[in-house]
Amino acid sequence: MDHEKFMRMAIALSNQNVQQGLGGPFGAVVVKDGEIVAQSANRVVPDNDPTAHAEVAAIRLACKALNTFDLSGCIIYASCEPCPMCLGAIYWARIDKIFYANTKDDAANIGFDDAFIYEELDCKMEDRKIQHEQLLRAEALEVFNAWDSSVNKKNY
(Lines give C-alpha, C1' and ligand atoms only; values in the text may rest on other atoms or scores of the structure.)
Protein backbone atom coordinates (compact mmCIF):
# COMPACT_ATOMS: atom_id res chain seq x y z
CA MET A 1 0.00 0.00 0.00
CA ASP A 2 1.26 3.47 -0.85
CA HIS A 3 1.13 5.11 2.58
CA GLU A 4 2.92 8.24 1.38
CA LYS A 5 0.29 8.78 -1.34
CA PHE A 6 -2.55 8.71 1.20
CA MET A 7 -0.63 10.94 3.62
CA ARG A 8 -0.01 13.44 0.85
CA MET A 9 -3.76 13.47 0.26
CA ALA A 10 -4.39 14.27 3.94
CA ILE A 11 -1.79 17.04 3.80
CA ALA A 12 -3.35 18.39 0.58
CA LEU A 13 -6.75 18.51 2.30
CA SER A 14 -5.22 20.46 5.19
CA ASN A 15 -3.57 22.87 2.77
CA GLN A 16 -6.78 23.33 0.79
CA ASN A 17 -8.58 24.22 4.02
CA VAL A 18 -6.01 26.92 4.76
CA GLN A 19 -5.98 28.29 1.20
CA GLN A 20 -9.79 28.51 1.10
CA GLY A 21 -10.01 30.06 4.57
CA LEU A 22 -12.25 27.26 5.82
CA GLY A 23 -10.50 26.62 9.12
CA GLY A 24 -7.68 24.72 10.71
CA PRO A 25 -4.84 23.08 8.77
CA PHE A 26 -5.95 19.50 9.28
CA GLY A 27 -6.92 16.73 6.88
CA ALA A 28 -7.68 13.03 7.19
CA VAL A 29 -8.18 10.10 4.83
CA VAL A 30 -9.70 6.71 5.75
CA VAL A 31 -8.53 3.78 3.64
CA LYS A 32 -9.64 0.15 3.54
CA ASP A 33 -7.97 -2.53 1.42
CA GLY A 34 -5.97 0.14 -0.40
CA GLU A 35 -9.08 2.11 -1.42
CA ILE A 36 -10.13 5.51 -0.12
CA VAL A 37 -13.35 5.18 1.87
CA ALA A 38 -13.64 8.79 3.05
CA GLN A 39 -11.68 11.99 3.37
CA SER A 40 -12.22 15.33 5.02
CA ALA A 41 -10.53 18.50 6.11
CA ASN A 42 -11.28 20.17 9.41
CA ARG A 43 -14.94 21.32 9.37
CA VAL A 44 -15.12 23.20 12.70
CA VAL A 45 -15.56 26.68 11.21
CA PRO A 46 -17.87 26.01 8.24
CA ASP A 47 -20.07 23.62 10.25
CA ASN A 48 -19.95 25.62 13.51
CA ASP A 49 -19.17 22.30 15.18
CA PRO A 50 -16.25 22.04 17.62
CA THR A 51 -16.26 18.25 17.18
CA ALA A 52 -15.87 18.40 13.39
CA HIS A 53 -12.12 17.81 13.37
CA ALA A 54 -10.80 16.25 10.17
CA GLU A 55 -10.45 12.78 11.69
CA VAL A 56 -13.94 12.79 13.20
CA ALA A 57 -15.47 14.12 9.98
CA ALA A 58 -13.65 11.46 7.93
CA ILE A 59 -14.75 8.73 10.37
CA ARG A 60 -18.37 9.88 10.11
CA LEU A 61 -18.19 9.77 6.31
CA ALA A 62 -16.47 6.37 6.33
CA CYS A 63 -19.11 4.89 8.60
CA LYS A 64 -21.85 6.14 6.29
CA ALA A 65 -20.03 4.87 3.19
CA LEU A 66 -19.49 1.41 4.69
CA ASN A 67 -22.83 1.37 6.54
CA THR A 68 -21.20 0.38 9.82
CA PHE A 69 -19.89 1.87 13.04
CA ASP A 70 -17.00 -0.61 13.07
CA LEU A 71 -14.09 0.49 10.90
CA SER A 72 -11.94 -2.55 11.63
CA GLY A 73 -9.61 -3.14 8.72
CA CYS A 74 -9.28 0.59 8.03
CA ILE A 75 -6.28 2.87 8.28
CA ILE A 76 -6.50 6.60 8.94
CA TYR A 77 -4.00 9.09 7.57
CA ALA A 78 -4.03 12.36 9.49
CA SER A 79 -2.04 15.44 8.61
CA CYS A 80 -1.40 15.90 12.33
CA GLU A 81 -1.16 13.64 15.38
CA PRO A 82 -4.76 13.22 16.56
CA CYS A 83 -5.99 15.27 19.50
CA PRO A 84 -7.54 13.48 22.50
CA MET A 85 -11.06 13.66 21.04
CA CYS A 86 -9.98 12.34 17.64
CA LEU A 87 -7.86 9.64 19.22
CA GLY A 88 -10.91 8.54 21.22
CA ALA A 89 -13.03 8.48 18.06
CA ILE A 90 -10.37 6.43 16.26
CA TYR A 91 -10.35 3.88 19.07
CA TRP A 92 -14.17 3.76 19.27
CA ALA A 93 -14.29 3.20 15.49
CA ARG A 94 -11.78 0.33 15.85
CA ILE A 95 -9.48 1.67 13.15
CA ASP A 96 -6.43 -0.59 12.82
CA LYS A 97 -3.64 1.95 12.33
CA ILE A 98 -2.92 5.67 12.43
CA PHE A 99 -0.38 7.41 10.24
CA TYR A 100 0.24 11.08 11.05
CA ALA A 101 2.51 13.84 9.75
CA ASN A 102 2.77 16.82 12.13
CA THR A 103 3.07 16.20 15.88
CA LYS A 104 0.94 17.57 18.69
CA ASP A 105 3.89 19.83 19.55
CA ASP A 106 3.89 21.19 15.99
CA ALA A 107 0.17 21.92 16.43
CA ALA A 108 0.76 23.60 19.79
CA ASN A 109 3.37 25.84 18.17
CA ILE A 110 0.68 27.35 15.90
CA GLY A 111 -1.99 27.70 18.59
CA PHE A 112 -3.65 24.27 18.62
CA ASP A 113 -2.51 23.11 22.06
CA ASP A 114 -4.31 20.16 23.65
CA ALA A 115 -2.04 19.88 26.69
CA PHE A 116 -4.75 21.37 28.92
CA ILE A 117 -7.08 18.47 28.06
CA TYR A 118 -4.49 15.88 29.01
CA GLU A 119 -3.91 17.81 32.26
CA GLU A 120 -7.66 17.97 32.99
CA LEU A 121 -8.01 14.21 32.53
CA ASP A 122 -5.41 13.70 35.24
CA CYS A 123 -7.24 15.99 37.69
CA LYS A 124 -9.74 14.88 40.28
CA MET A 125 -13.30 15.82 39.32
CA GLU A 126 -13.43 18.57 41.96
CA ASP A 127 -10.20 20.13 40.62
CA ARG A 128 -11.25 20.39 36.97
CA LYS A 129 -11.79 23.78 35.34
CA ILE A 130 -15.33 22.86 34.26
CA GLN A 131 -17.42 22.06 37.31
CA HIS A 132 -18.75 18.49 37.52
CA GLU A 133 -21.73 17.49 39.62
CA GLN A 134 -23.43 14.11 39.67
CA LEU A 135 -27.23 14.18 39.60
CA LEU A 136 -30.00 11.52 39.48
CA ARG A 137 -27.67 8.51 39.22
CA ALA A 138 -30.29 6.03 40.50
CA GLU A 139 -32.73 7.03 37.74
CA ALA A 140 -30.03 6.85 35.08
CA LEU A 141 -28.90 3.43 36.35
CA GLU A 142 -32.40 2.09 35.68
CA VAL A 143 -31.85 2.82 31.99
CA PHE A 144 -28.41 1.15 32.08
CA ASN A 145 -30.00 -1.91 33.67
CA ALA A 146 -32.69 -1.97 30.99
CA TRP A 147 -29.99 -1.83 28.30
CA ASP A 148 -27.96 -4.53 30.01
CA SER A 149 -30.90 -6.95 30.07
CA SER A 150 -32.31 -6.06 26.62
CA VAL A 151 -32.40 -8.79 24.02
CA ASN A 152 -32.48 -6.11 21.30
CA LYS A 153 -29.19 -4.40 22.19
CA LYS A 154 -26.42 -4.27 19.67
CA ASN A 155 -23.01 -4.15 21.31
CA TYR A 156 -20.46 -1.75 19.97
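S79 sits in strand β3, which spans residues 74-80 (strands are DSSP runs of E, at least two residues, and helices are runs of H or I, at least four, numbered from the N terminus). This is a predicted model: local features need pLDDT of at least 70 and side-chain atom pairs count only at pLDDT 80 or more, while totals for chains, interfaces and linings use all residues. Residues are numbered from 1 along each chain as its sequence is written, and side-chain values use heavy atoms, with hydrogens and water left out.

**Around S79**
- S79 counts as buried because its relative accessibility is 3% (buried means under 20% relative accessible area, exposed over 50%, partly exposed in between, with a 1.4 Å probe and protein chains only).
- Skipping its neighbours within four places in sequence, S79 is in contact with M7, A10, I11, S14, P25, F26, G27, A101 and N102 (contact means heavy atoms within 4.5 Å).

**The nonpolar cores**
- The largest nonpolar core has 22 residues, and V30, I59, A62, L71, I76 and I95 touch the most other members (a core is a set of buried Ala, Val, Leu, Ile, Met, Phe, Trp, Tyr and Cys residues joined through side-chain atoms within 4.5 Å).
- Two or more residues of this core come from each of β1 (27-32), β2 (35-41), α3, β3 and α4.
- The largest share, 6 residues, belongs to α3.
- Another core lies apart from this one, with 9 residues, among them F6, L13, V31 and Y77.
- Leaving aside neighbours within four places in sequence, I76 is in contact with A28, V29, V30, E55, I59, I90, I95, K97, I98 and F99.

**The largest pocket**
- About 410 Å³ of space lies in here (a pocket is an open set of points on a 1 Å grid over the protein atoms alone where a 1.4 Å probe fits, with protein on both sides within 12 Å along at least five of seven lines; lining residues have an atom within 4 Å of a point). Volume is the space filled by probe spheres set on the points, which are joined across faces, edges and corners.
- Of its 25 lining residues, F26, H53, C83, F112 and D114 lie nearest the centre.
- Helices α2 (44-47), α4 (84-93), α5 (104-109) and α6 (115-122) each give two or more residues to this lining.

**The second largest pocket**
- This pocket holds about 160 Å³ of space.
- Its lining is made up of I59, C63, F69, A89, W92, A93, R94 and Y156.
- Helix α4 gives the most to this lining, with 3 residues.
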